[in-house]
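I opened this notebook to keep track of what I looked up in a structure I had not seen before. The entries follow the order in which I went through it.

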Amino acid sequence: MFEHAQQLPPDPILGLNQTFQKDPNPDKINLSVGVYQNAQGQTPIFTAVKKAESELLAAQHTKSYAPQAGDPQFNESIGRLLLGDTLVEQLGDRLATVMTPGGCGALRMIAELLVSVRPTATLWVSTPTWANHFPLLQSAGLTLKEYAYYSPELHAVDFDAMKASLMAIPQGDIILLHGCCHNPTGADLNPQQWQEVLDIVKQRELLPFFDIAYQGFGDGLNEDAFAIREAISMMPEVVVANSCSKNFGLYRERTGAAVVVCENERDTAAAKSQILSAARRSYSMSPYHGGGIVGHLLNDQALTSEWKSELDQVRSRMNSLRVNLAEGLNTAQSAVNFDFLAQSKGMFCFLGIEKEQVLTLRSEFGIYLLESTRINVAGLSEQNLPVIIERVSDVISR
Ligand SMILES: Cc1ncc(COP(=O)(O)O)c(C=O)c1O
């Protein structure tokens with residue numbers, strides 16, 4: 001049977017990582033991976049997460065299935081982290097949360113819900129967007145089209161082009177918005193711009209579908225949830241795919257949530273039942289471990305404040321690396337002004353150099369970034385920054 005199986009190429013991002021692993025260059029540097037790394041190049045477990053996990057395991061007496069929608073404590077507390085207490089209380093049964101295997105699981109479950117209620121739905125995504133949005137959401141049956149977002153010339157969001165593009169989306173379509181820390185560009189909207197975008201979304205009667213995988217990595221936990229909270233207070237229906245991979249460092253535990261807000265209790269219960277049915281048809285029952293940890297942590301004040309201060313350190317480390325990179329590049333060469341790097345948010349940004357220069361960095365110096373010029377800011381360190389600045393300046397000054 002499998003002689004008919006076609007060998008597929010690796011995923012572009014995961015494939016580049018494999019090429020990096022095989023590169024014999026002892027000075028190689030990987031700026032392409034999608035995980036946070038500390039100054040030692042490690043992806044550590046948050047201390048508060050480790051403590052929550054130990055307590056959880058010590059108190060656990062069964063590995064029987066968790067409820068199909070996931071650990072109720074996780075669902076309740078992740079809703080509060082995302083939306084804030086006031087909104088959660090106002091929404092009551094108009095809000096439903098289902099634990100999913102990571103943010104990707106949440107994206108997929110929401111895509112299945114959308115296809116079940118509107119089989120001809122078109123989902124509009126930003127140009128560019130996270131590469132995995134296309135295979136993940138299209139394979140669920142959604143048609144994807146793009147709206148204008150980032151301008152490589154401006155090194156920023158082309159806001160006028162974005163608004164014009166949104167105005168042209170047919171009424172009733174769905175729009176995918178990165179809640180914060182846009183991947184891959186790192187270019188976010190400010191609150192005033194969000195307001196204008198949400199006004200258009202409301203006016204065009206589009207369904208806002210938020211993907212939030214970096215809450216706390218941009219400006220802060222509440223600040224990063226601004227757009228989602230604002231959308232919910234303005235519009236009757238909003239869906240959110242949430243990931244705990246980055247902000248709780250739970251990557252391999254596959255922890256996320258599909259969050260649905262509908263106009264009334266009936267619609268919310270029906271939408272939730274569609275998600276549970278989609279889950280039953282694929283992985284059947286909810287994962288537990290990561291959600292159990294998050295639910296336990298967020299219900300313990302001391303662990304929560306310890307986690308928040310660890311998250312603050314992660315964010316401020318990335319901010320200072322970003323500023324140091326921009327300043328270092330501006331000092332080392334004069335061909336390009338890299339001030340825009342310091343404005344970006346989250347783990348990723350575009351370096352904005354030529355594709356040939358990306359390939360030269362890889363082949364000559366073993367410095368790996370995606371061809372789009374996306375770099376993982378957390379792949380920078382106090383140690384490798386001078387080398388990176390020197391090599392990037394070298395290739396752009398040739
Ligand atoms: C924009 C975006 N959405 C969703 C995800 C999903 O992450 P996970 O499935 O690992 O939780 C990621 C992870 O890189 C992401 O960058």
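This is a predicted model: local features need pLDDT of at least 70, side-chain atom pairs count only at pLDDT 80 or more; totals for chains, interfaces and linings use all residues.

**Entry 1**

I looked up the strand order and found an open sheet of seven strands, ordered 2-10-9-8-7-3-4, in which the pairing is mixed. I then asked which strands stand at the edges. They are strand 2 (95-101) and strand 4 (143-148), and because each has a single partner strand, one side of each is left without a neighbour in the sheet. I also noted that neighbouring strands of this sheet are turned by 25 degrees against each other on average, with direction ignored.

**Entry 1: strand 2 and its partner**

At the edge formed by strand 2, I looked up the pairing and found that strand 2 runs antiparallel to strand 10 (residues 255-261), with seven bridges between the two. One pair I wrote down is L95, which stands opposite V261 in strand 10. Although strand 2 stands at an edge, I found it mostly covered, with six of its seven residues buried.

How many residues of strand 7 are buried? I found that five of its five residues are, so I noted the strand as mostly covered, given that a residue counts as buried when 20 or more other C-beta atoms lie within 10 Å of its own. From this strand, I174, L176 and H178 point one way while I175 and L177 point the other way, and all are buried.

I followed the pairing on both sides of strand 7. With strand 3 it pairs in the parallel sense over two bridges, and there I found W124 opposite I175 of strand 7. Strand 8 is joined to strand 7 by five bridges, and these two strands also run parallel; in strand 8 the bridge partner of I175 is P208.

**Entry 2: two helices**

In helix 10 (residues 226-234) I found A227, I228, A231 and I232 buried. Seen down the axis of helix 10, its buried residues fall within an arc of 130 degrees, so they line one face of the helix. For background I wrote beside this that an α-helix has 3.6 residues a turn, so residues three or four places apart point the same way.

I then looked up E390, which lies in helix 16 (residues 385-397). Is E390 buried or partly exposed? It counts as partly exposed, because it has 14 C-beta neighbours inside 10 Å. Its C-alpha atom is separated by 8.8 Å from that of G328, a residue 62 positions apart from E390 along the chain.

**Entry 3: around the ligand**

I listed the residues around the ligand as G34, G102, G103, C104, W130, H178, N183, D211, A213, S243, S245 and G256. By class, I noted three nonpolar, eight polar and one charged residues.

As background, most residues other than glycine have a negative phi, and most peptide bonds are trans. I therefore looked up where the model departs from this, starting with the peptide bonds.

T127 and P128 are joined by a cis peptide bond with omega about -5 degrees, and P128 lies in the loop between strand 3 (122-127) and helix 6 (133-138). A cis peptide bond also joins N183 and P184, with omega about 20 degrees, and P184 lies in the loop between strand 7 (174-178) and helix 8 (191-203).

C181 is found in that loop between strand 7 and helix 8 as well. Its phi is near 50 degrees, a positive value in a residue other than glycine, and C181 is buried, with 27 other C-beta atoms within 10 Å.

H155, in the loop between strand 5 (150-151) and strand 6 (156-157), is not a glycine either, and has a positive phi of about 55 degrees. I noted H155 as buried, because it has 21 C-beta neighbours inside 10 Å.

Notes
Residues are numbered from 1 along each chain as its sequence is written. Helices (H or I, at least four residues) and strands (E, at least two) are DSSP runs, numbered from the N terminus. A residue is buried if 20 or more other C-beta atoms lie within 10 Å of its own, exposed if 12 or fewer, and partly exposed in between; C-beta atoms are placed from the backbone. A residue is near a molecule or strand if its C-beta atom, placed from the backbone, lies within 6 Å of it. Ala, Val, Leu, Ile, Met, Phe, Trp, Tyr, Cys and Pro count as nonpolar, Asp, Glu, Lys and Arg as charged, and the others, Gly among them, as polar. Two strands pair if DSSP finds at least two bridges between them. Axes are lines fitted to C-alpha atoms, for helices over the stretch in contact, and angles run from 0 to 180 degrees between N-to-C directions. The arc is that of the directions from the helix axis to the C-beta atoms.
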